[in-house]
Amino acid sequence: MNPKQPLSARRIVFTSGKGGVGKTTTTANVGAALAKSGKRVVLVDADIGLRNLDLVLGVEKRIVFDLVEVVEGRCQLRQALIKDKRLENLSILPAAQTRDKTAISELQMSELIAQLGELCDYVLIDCPAGIEHGFRNAIAGASEAIVVTTPEVSAIRDADRVIGKLHERGLPLRLIVNRIRPEMVRSGDMLSVDDVTDILSAELLGIVPEDEEVIDTTNKGEPIALSPDSRLAAIYAKIARRLEGEIVPFTSLAAPGFFERLFRMAG
Amino acid sequence: MINNVLPDEAPAVAALPRKRGRAIVVTSGKGGVGKTTTTANIGAALAAGGANVVLVDADVGLRNLDIVLGLEARVRHHVLDVLEGCATLDEALVTDKRVPSLRLLAAAQTREKDDVDTAAFRDLIGTLRDRFDYVLIDCPAGIEKGFANAIAGADEAIVVCTPEVAAVRDADRVVGLLGDDRRVTLIVNRLRPALVRKGKMLSVDDVNDILHLPLLGVIADAPDVIVSTNRGEPVALDPASTVGEAYRAIALRITGALTDAPEIPREQTFFTKLFGGRS
Amino acid sequence: MFDFFNRMFGQKPSSETAKERLRLVLLSDHLSLAPDVVESLKRDLIDVISRYCEVDTANCDVTFERQDKRIAMLANIPILGMQRPTPPPPNSGEPPAPKPRKPPGSANRRRRRKGTVAQGAPRPQPT
C-alpha cells in the first residue's frame with residue numbers, strides 16, 4: 001500500500017471492467033466513509049457521457065459545471081466542485097453528460113487529478129465500464145487502484161483483464177468483493193470470497209454483501225455509508241480504516257456455525 | 001431445393017423466397033443490467049422453438065457471451081478474424097451443444113473496440129441476416145465505438161433496463177441515440193416485486209413513464225440466473241425456471257406468436273422465498 | 001435444502017463448476033494476451049530439444065489447445081537427426097572411452113555431403 005504522499009493526496013481509481021458491479025456505489029460510499037472519519041475527499045466522475053456519481057450522491061440538481069468544462073478552461077475547478085451538504089469534507093467533480101469519453105486526453109486527466117490532489121487527502125476516481133479510452137483516462141491520474149468485482153463468472157473474467165492492464169501500468173491494487181450473498185455461498189450456488197481472491201490473486205480490501213437497502217438509498221441520493229444503523233455503513237467504515245493502514249479483521253455475517261467459520265462473509 | 005422434392009414426399013413445400021432474417025441489438029447504456037444474459041436466453045429460446053439463430057458478441061476485449069452460454073472452450077475464431085480475413089464465417093461460428101440451430105460468433109478477447117470497422121461489421125450483419133432467421137447482437141456497455149458498431153446493421157433494438165435510477169438514466173440516453181428509424185422495445189430486468197410494493201424500488205410503470213417504449217417483457221430478480229451462469233446453461237432451456245419462462249415468453253412475442261402484454265411478476269420465486277433476499 | 005438434494009443426486013455445486021471454468025478460461029485468456037511469452041517458451045523449448053537432436057527450426061510449431069477440462073500445449077517439432085547415444089563414463093566399469101559429442105549441425109553437414117566418403121574410411125576399391 002502506498003504511504004500517504006507528503007504534499008498531495010492519494011489518488012485512487014475504482015475500476016472493474018464489467019459494468020454494473022457497483023463501482024459508482026462503492027466510490028461514493030468509501031468516499032463518504034473517509035470524509036466522515038475526517039479526511040478531505042474529492043470524488044471524480046470519469047464516466048463522461050453516462051454520469052451517475054451525481055445521482056448516487058443526490059447532487060444532480062446542483063451541477064453547474066463539469067470536468068470537461070474545467071479541462072477546456074471554460075470555468076475554474078473551484079466552480080465545478082460541488083460541496084456535499086451532509087459532509088463538509090466531501091466534494092464531487094461531475095462528468096459531462098452530453099459529451100463522450102474522447103472529449104479529454106489522458107494527459108489532461110492526469111493534470112486535473114494532480115491539481116485536485118493539492119486540495120485534499122483523497123481523490124477517488126469513478127471509472128467507467130470497459131478497458132478503452134474512458135478506462136485509460138480514469139487511470140491516467142491515479143496512483144493506486146481498487147478493483148470492484150461481484151462473485152460471478154463474467155465479472156471475475158473482466159476483473160482479471162483489468163488487473164492485467166493495471167499491472168502493465170504498475171498500479172498497486174486491492175480488491176473489493178461486492179454483492180456477495182452468504183446464503184448462496186453456503187449452498188454452493190455462488191463463489192466464495194476466497195474463491196475470488198484465489199482466482200484473481202489480489203489482496204482483499206473489503207467484502208460487501210448484497211443489501212436491498214442500497215437501491216432505496218440510491219433512489220433517494222443518500223449514500224448508505226451515512227445511514228446510522230446500516231450494516232453496510234459499518235462495512236464501508238472498515239474499508240476506510242483499512243485504506244488508512246489499519247489492520248481490521250473481516251467478520252462473519254451469520255451466527256457462528258461450521259460454514260461461517262470456513263468462509264469470510266463480510267467486512 | 002424445391003425442385004428436388006419428390007412427388008410422394010409430404011408436405012408440399014411452398015415456393016416462397018427465403019425471408020431475410022431480423023437483426024436485433026440488445027443494448028442498455030448501463031453495464032451489468034443483463035444484456036448478455038438476455039441475448040443468450042432470447043437466442044436459446046428462439047432456437048429451441050425451431051428458428052436458426054446466431055448470437056454476435058460485440059463486446060470486443062471483454063467478451064462474455066461465450067462463457068454465459070458455456071461455449072468458452074469451443075471458440076477458435078472471432079469476429080475480427082472474420083472481418084480481417086483470417087478465418088471464414090463457418091470456421092468462426094460455434095454451434096451450441098444443446099440446441100443445434102443456435103450459433104455463436106464470439107468477440108475478440110485481446111483486441112479493442114476501435115479495431116472494428118463499423119461499415120465492415122454492418123456488412124457482416126447483413127451477411128448473417130441472409131443465413132439466419134435471427135441475428136442477435138450483444139452490445140457492450142457505454143455509448144462509444146463499441147455501441148456504434150453494435151447498432152450498425154441492426155434495424156431493431158431491445159433496451160434492457162433495471163428498475164434503478166442510474167440504469168433508467170443511461171437507457172434514456174441510449175434510446176435517444178438509437179434514433180427514430182429503429183423499432184425499439186423494452187425489457188425490465190431484475191424487478192423485485194416486494195421492494196416495489198414497499199416503495200423502495202421503481203415500478204415498471206415508473207421506468208416506462210420515462211422511457212416510453214413498447215414493453216417486451218418483465219423479468220423478476222432470481223438467484224437461478226447466477227447458478228445458470230456458473231454452469232453455462234441458459235435458464236431459457238430449463239423448463240422449471242420462472243426466469244426461463246419469462247425469456248421464452250419474450251421469444252414468443254418477438255416471433256409474433258404471443259401478442260398479449262407482458263405480465264408483471266407479483267411474487268418472488270420459491271427459491272428466493274426460501275433463502276431470502278438479504279443475507 | 002436444495003444443496004442437500006443436489007448432493008444427494010450427484011450434481012456438483014454450481015460454484016465448483018464456475019471455479020473450474022473460470023480457471024480454464026483465464027488461462028486461455030492469459031495465453032492469448034501474452035504472445036511474447038509464448039514465443040519465448042517456443043524458443044526455449046526448441047533450444048532444449050536441439051541439444052539432443054537436430055530439429056527443423058523453420059517448421060516448428062507450438063500451440064495451446066483446449067481439451068475438454070484442461071488446456072494442453074501441443075508442440076510439433078520435426079526432427080531431422082539424432083545425436084549418437086553417449087556410452088556411460090569409464091569408472092562405471094564399462095568399455096570403451098566415450099566418443100566426443102559432435103556439435104549441433106554436424107550431422108547435417110555429413111548428410112548434405114552424402115556422396116562423400118566418410119573421413120578415415122577408404123572407398124572399397126574394385127578388384
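## Terms for helix packing

An axis is a line fitted to C-alpha atoms, for helices over the stretch in contact, and an angle between axes runs from 0 to 180 degrees between N-to-C directions. The model described here is predicted.

## Helix packing in chain B

Helix 1 (residues 35-48) of chain B packs against helix 11 (residues 242-255) of chain B at an angle of about 65°, and their axes are 8 Å apart. Helix 1 of chain B is therefore roughly perpendicular to helix 11 of chain B, and the crossing of the two is right-handed.

On the side of helix 1 of chain B, the contact is formed by N41(B), I42(B), A45(B) and L46(B). Their partners in helix 11 of chain B are Y247(B), R248(B), I250(B), A251(B) and I254(B). By class, seven residues of this contact are nonpolar, one is polar and one is charged.

## Contact between chains A and B

Chain A contributes 39 residues to its contact with chain B, and chain B contributes 37 residues. On the chain A side, helix 7 (153-169), helix 8 (182-186) and helix 10 (213-220) each supply at least two residues. Helix 7 of chain A provides the largest share, five residues. The side of chain A that touches chain B comprises 13 nonpolar, 11 polar and 15 charged residues.

## Contact between chains C and B

Here 11 residues come from chain C and 10 residues from chain B. Helix 2 (residues 14-33) of chain C supplies the largest share of the chain C side, nine residues. The side of chain C that touches chain B has four nonpolar, four polar and three charged residues.

Conventions
Residues are numbered from 1 along each chain as its sequence is written. Chains are lettered from A and ligands numbered from 1 in the order in which they are written. This is a predicted model: local features need pLDDT of at least 70, side-chain atom pairs count only at pLDDT 80 or more; totals for chains, interfaces and linings use all residues. Two residues are in contact if their C-beta atoms, placed from the backbone, lie within 7 Å. Helices (H or I, at least four residues) and strands (E, at least two) are DSSP runs, numbered from the N terminus. Ala, Val, Leu, Ile, Met, Phe, Trp, Tyr, Cys and Pro count as nonpolar, Asp, Glu, Lys and Arg as charged, and the others, Gly among them, as polar. Angles under 35 degrees count as roughly parallel, over 145 as roughly antiparallel, 65 to 115 as roughly perpendicular and the rest as oblique. A crossing is left-handed if the near helix is turned anticlockwise from the far one by less than a right angle, and right-handed if clockwise.
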